[in-house]
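Here is a short tour for anyone meeting this structure for the first time. Have a look at it below, and then we'll go through some of its details.

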Amino acid sequence: MRTAVVSFFVTVAMIVMESWRIPSETFEFKDKLSDYGFFQGKMSDLKPADGVVPYDLNTSLFSNYAEKLRFIKLPKGVKAIYNDSVVFDFPIGTVFIKNFYYPADFRNHEKGRKILETRLLVHEEKGWTAYPYIWDDEQTDADYDPAGETKSIQYISASGKKVKATYVIPNKNQCKGCHVRGQSMVPIGPAARHLNKDFLYPEGSKNQLSYWVETKMLDRYPSNTPRLPVWNDPSTGDVASRARAYLDVNCGNCHNRLGPASTSGLFLDVYEEEKNHLGVNKSPVAAGRGAGDLNFDITPGQPQNSILVFRMKTNDPAIAMPEIGREQVHQEGVSLIEEWIRKMPR
């Protein structure tokens, strides 16, 4: 089993390297987001221009309760290549556009929103490169800023609570912390299991991958394409499958056999099958504050004695996981993982 998993991640690296050789359009860097022409009309409306396609994920990364609008722009006349288990093979010139924002009131989005940042992930000749842009307070445009920034945010939560918090916009180098596979920077979300869902387009609701094939963005959409459940929708899967989906998206990009956290021996991607490497009755490779004086990453039946839960429930930057983009505790996500561990046989 271990050999098969290692072979899987080697395949990932080979696919990424091979994709660099595909000739396509050249990306031209701009200081202002508006200069790319990704959006038409008022910038803050984020209305995509022709050739810029919106998309969404079944289960997405938690980012301090910020909501996201995602878009992709492919070079003209070139398709992405489908893969079952790894990120699709996107041609050089592909641009992913991810916008982070907070509604003024999560109970009523018509009350407006504030966009904080837009992250571009661009496939260039040298590989994938991140370009971070920070929006001005007037919501007229966003400027390239590789240094990052810390902002104060406030909003009304879905439960009606007034929230004031800190939001840290990562710097350009921190982007690599989550997007590294082996020695290469790669996208995280655009894989079959994440994209295989319906999306409401202007012309109506349609499966995203089916739409991508019809619009010549993707070479194929097999009938057996995998699909991750939605972490907070019980109709899409049981507690265990939704917990694994949540961990795959929020942790598995680092905690896998070729990720930055490979030395931990804790592998949380959805393909991991060995219980010990999944954390069950597994001792941490290093003790100290990060372990919270607990013995195992996951103690079956006892979420309160599991290091995984301990690190999800703290805001201490020296302990909290994930390390980046998590200034607030994701209470609902913690509850799901606690329920999953509580139901594990002892």
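## A phenylalanine and its ring partners

F90 and F96 are both buried, where buried means under 20% relative accessible area, exposed means over 50%, and partly exposed falls in between (1.4 Å probe, protein chains only). These two rings make an edge-to-face aromatic pair, with centres 5.0 Å apart and planes at 85°. To count as a pair, rings of Phe, Tyr and Trp (its six-membered ring) need centres within 6.5 Å; planes under 30 degrees apart are stacked, over 60 edge-to-face, and the rest tilted.

F90 also pairs edge-to-face with W128, at 6.5 Å centre to centre and 85° between the planes. This pair links distant parts of the chain: F90 is in the loop between β2 and β3 (95-103), while W128 is in strand β5, 38 residues apart. W128 is buried, as is F90. Helices (H or I, at least four residues) and strands (E, at least two) are DSSP runs, numbered from the N terminus.

## Where the model comes from

This is a predicted model, so local features need pLDDT of at least 70 and side-chain atom pairs count only at pLDDT 80 or more, while totals for chains, interfaces and linings use all residues. Residues are numbered from 1 along each chain as its sequence is written, and side-chain values use heavy atoms, leaving out hydrogens and water.

How many aromatic pairs does a search of the whole structure find? The count is 23. There is also one aromatic cluster made of F27, F29, Y36, F38, Y131, Y133 and Y144.

Y131 has a charged neighbour too: K172 lies over the face of its ring, 4.2 Å from the centre. Likewise, the charged end of R113 sits over the ring of Y101, 5.1 Å from the ring centre. A charge sits over a ring if NZ of Lys or CZ of Arg is within 6 Å of the ring centre and within 35 degrees of the ring normal.

Most residues other than glycine have a negative phi, and most peptide bonds are trans. N64 isn't a glycine, yet has a positive phi of about 55°. This residue lies in the loop between β1 (52-55) and β2 (67-73), and at 1% relative accessibility N64 is buried. Q139, not a glycine either, has a positive phi of about 65°. You'll find Q139 in the loop between β5 (127-135) and β6 (142-144), and it counts as buried at 13% relative accessibility.

P322 belongs to the loop between α6 and α7.

## Helix α7

Helix α7 has 12 residues (331-342) and should span 16 Å at 1.5 Å a residue, which agrees with its end C-alpha atoms being 16 Å apart. The expected span is 1.5 Å times one less than the number of residues.

The buried residues of α7 are G333, V334, L336, I337, E338, W340 and I341. Among the elements covering them are α5 (239-250) and α6 (307-312), judged by contact, meaning heavy atoms within 4.5 Å.

C251 is in no disulfide, as the nearest cysteine sulfur, that of C254, is 8.8 Å away. C251 is buried at 13% relative accessible area, and C254 is buried at 18%.

Notes: Disulfide = S-S within 2.5 Å.
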